[in-house]
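This report describes one protein chain for a reader who has its sequence and its three-dimensional structure at hand. Please look at the structure before reading on.

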Amino acid sequence: MAGKLGNFFQSVAQEMRRVSWPTRKELTRYTLVVLATVAIMTVFFAVVDLGISELVRLL
């Protein structure tokens, strides 16, 4: 069991060396895109929720 676990972690370490990590600039850009998307979706769903709430109140 210990041998298999050791092999597993060795394989994980090898795979992590092959990973292509983003640069700081790319990471910043991706983060800003995600945050902007979340903000836009939050506003969209808030407006839709308010609209549906008003519709239900009118009925």
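**Overall form**

The model is predicted. Its secondary structure consists of two helices and zero strands. The radius of gyration is 23 Å, whereas the globule rule gives 10 Å for 59 residues; the chain is therefore more spread out than a compact globule. Along the principal axes, the C-alpha atoms fill a box of roughly 70 × 35 × 10 Å.

What share of the 59 residues is buried? Buried residues account for 0% of the chain. A residue counts as buried when its relative accessible area is under 20%. The chain exposes about 5,800 Å², and 71% of this area is supplied by carbon and sulfur atoms.

**Charges and salt bridges**

The chain carries 7 positive and 4 negative side chains. The centres of these two sets lie 16 Å apart. How many salt bridges does a search of the whole structure find? The search finds two.

Arg57 and Glu54 are three residues apart in helix H2, which covers residues 24–58, so about one helical turn separates them.

| Residue | Relative accessible area | Class |
|---|---|---|
| Glu15 | 44% | partly exposed |
| Arg18 | 60% | exposed |
| Glu54 | 41% | partly exposed |
| Arg57 | 63% | exposed |

Glu15 is partly exposed, and Arg18 is exposed. In the other pair, Glu54 is partly exposed, while Arg57 is exposed.

**Nonpolar surface**

Which residues make the nonpolar surface patch? The patch is formed by Leu5, Phe8, Phe9, Val12, Met16, Val19 and Trp21, and has an area of about 710 Å². One of these residues, Phe8, is placed in helix H1, which spans residues 2–18. The relative accessible area of Phe8 is 49%, so this residue is classed as partly exposed. A residue can belong to such a patch only if its relative accessible area is over 30%, and Phe8 has a value of 49%.

Definitions and conventions:
Residues numbered from 1 in each chain as written. Predicted model: local features only at pLDDT ≥ 70, side-chain atom pairs only at ≥ 80, totals over all residues. Heavy atoms only, no water. Patch = residues over 30% accessible without salt bridge, like charges linked within 9 Å, V, L, I, M, F, W, Y side chains within 5 Å. Areas by Shrake-Rupley, 256 points an atom, 1.4 Å probe, with all protein chains shown as cover. Salt bridge = Lys/Arg side-chain N within 4 Å of Asp/Glu carboxyl O. Helix = DSSP H or I, 4+ residues; strand = E, 2+ residues; numbered from the N terminus. Buried < 20%, exposed > 50% of the residue type's maximum accessible area, 1.4 Å probe, protein only. Rg over C-alpha atoms; globule rule 2.2 N^0.38 Å. Lys, Arg positive; Asp, Glu negative; His and termini not counted. Charge placed at Lys NZ, Arg CZ, Asp CG, Glu CD.
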